[in-house]
Amino acid sequence: MRAPGRRAAVAAVLALLLTGCSGGDGEDGEDATGTVRLRFQSLAWQKESVDANRQLVKEWNAAHPDVQVDYVQGSWDNVHDQLLTSFEGGEAPDVIHDASDDLADFAYGGYLADLRGLLPGRLSDDIPERSWSTTTFGGGVYGVPFLQEPRVLIANTALLKASGARVPTPERPWSWPEFRRVAKKLTGGGRYGVAWPLKEPVSVTLNLGLTAGGRLFHREADGRAALRFEAGDAVVPGTIRDQVNTDRSAARTALGMGGSDTLPGFFGGRYAMVPLGFAYRQQIVEQAPEGFDWTVLPLPAGSGGLAQGVSPQTLSVAEDSPYKKEAVAFIDFLLRPRNMVRLARGDWMLPTGTAALADPSLRTAQHGWATGAALARHLRPAPAQSVRGYPEWKDKVATPALQEYYSGAIDAEELRGRLVEDGNRVLARYQR
């Protein structure tokens, strides 16, 4: 989960500090004693996560006196621009924490090391191929995917029970039409059945579109990416639009909110359900009023089942690092099953590793861990994962088009034309 925007000011300061940061007193990351010094830039921001990362660095340093790691605090708010500046300035950290949907330009630009031949077999075998595909670009592997976050429905337990609606499970989820009916049933008396926080609507629309068989992005025979808006692509955005504009079961004001912005209304009974990233459970545990009863439900399923697109958090190595083997050894240590569980629990997310995911602490009913773990095998690479030009399409085409569609300002045909026709013109510039 990306840190809230209120951390932007702190992020700017951190970026300035990092630009001038060096790993040690010696040349090429070695200090005067010959000890190798690696810089590890972490984007952990929740206290539990920061503590887990710092403790693991401390444990590594105690066991490896010849290879010491310096922890550098980064921020999700400006990581792409900060990394680009550090790459071009020759100041990149050795070990880089990021997300897979941010790696394509760095991988194709030659800034990240190809990890093939460097990764130990244990780590390669433990993480499923579907996760590795999120960090594979042009045949090379440019990051280790280690944490992933499904979206789930967080529901007010008392309101859900009172409605008489069937409670969905990963084995028997709601369909999208059933979800729409339940949201209508939960609406009334100043309460909305659901609040969709869609300040950033593109990733939600694309990733949940997989549940209905939608993809939007397709690979042509010549390997080029192309946009096509098919029947499955219309299900999720059509449901949300109808809930907002026809059923009045979804709060219009929530369309401009981030996930955290919906929590006061959820706690106050204004919204019965909120679709959120799995990691938001941590904020709910901390902020919910005493006695507030909530539950974690799977999001609806369509022809694609419970499939969701995800962009896992990743650990990469800078191409300019003179200590790639040492950096990969540190990554391997961080991602041993026991340590991966610690990182996952610290971030309230799911590990990608099969051994870590089997840990009993991630399969308890408390706080919905078991529901999340049951969704893990359904997670797939985000549809636009490796598409060059996606950031421009997202910012200039898709975001304004979806915002207008969800608000009711344009219809489905106008949405289709803008996403596909305008979008393919954007992609064409990147694929000449």
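**Notebook: a serine, a lysine and some helices**

I started with Ser75, which is buried, with a relative accessible area of 9%. I noted the cut-offs: buried means under 20% relative accessible area, exposed over 50%, and partly exposed in between (1.4 Å probe, protein chains only). I kept in mind that this is a predicted model, where local features need pLDDT of at least 70, side-chain atom pairs count only at pLDDT 80 or more, and totals for chains, interfaces and linings use all residues. Residues are numbered from 1 along each chain as its sequence is written, and side-chain values use heavy atoms, with hydrogens and water left out.

Where does Ser75 lie? I found Ser75 in the loop between strand 2 (67-73) and helix 3 (79-88). Helices (H or I, at least four residues) and strands (E, at least two) are DSSP runs, numbered from the N terminus. A polar atom of the Ser75 side chain lies 3.1 Å from the backbone nitrogen of Asp77. I also checked Ser42: it is 33 residues from Ser75 in sequence, and the two are 7.9 Å apart in space, C-alpha to C-alpha.

Next I looked up Lys199, in the loop between strand 8 (192-194) and helix 9. Is Lys199 buried or exposed? Lys199 is exposed, with a relative accessible area of 51%. Leaving out residues up to four places away in sequence, Lys199 touches Leu255, Gly256, Met257, Gly258 and Gln403; contact here means heavy atoms within 4.5 Å. Met257 is 58 residues from Lys199 along the chain, yet their C-alpha atoms are separated by 5.0 Å.

Then I moved on to helix 9 (residues 201-209), which is mostly covered, with eight of its nine residues buried. Among them I noted Pro201, Val204, Leu206 and Gly209. Which elements do the buried residues of helix 9 pack against? My list reads strand 7 (151-156), helix 8 (176-185), strand 9 (217-219), helix 10 (231-247), strand 13 (308-310) and helix 17 (390-407).

Last, I took helix 8 and helix 10 as a pair. They pack at an angle of about 20°, with their axes 11 Å apart. Axes are lines fitted to C-alpha atoms, for helices over the stretch in contact, and angles run from 0 to 180 degrees between N-to-C directions. The two helices are therefore roughly parallel to each other (angles under 35 degrees count as such). On the helix 8 side, the contact includes Trp176 and Phe179, and on the helix 10 side, Val235 and Asp242.

Methods. Parallel < 35°, antiparallel > 145°, perpendicular 65-115°, else oblique. Polar contact = N/O pair within 3.5 Å; in protein donor to acceptor, adjacent residues only side chain to side chain.
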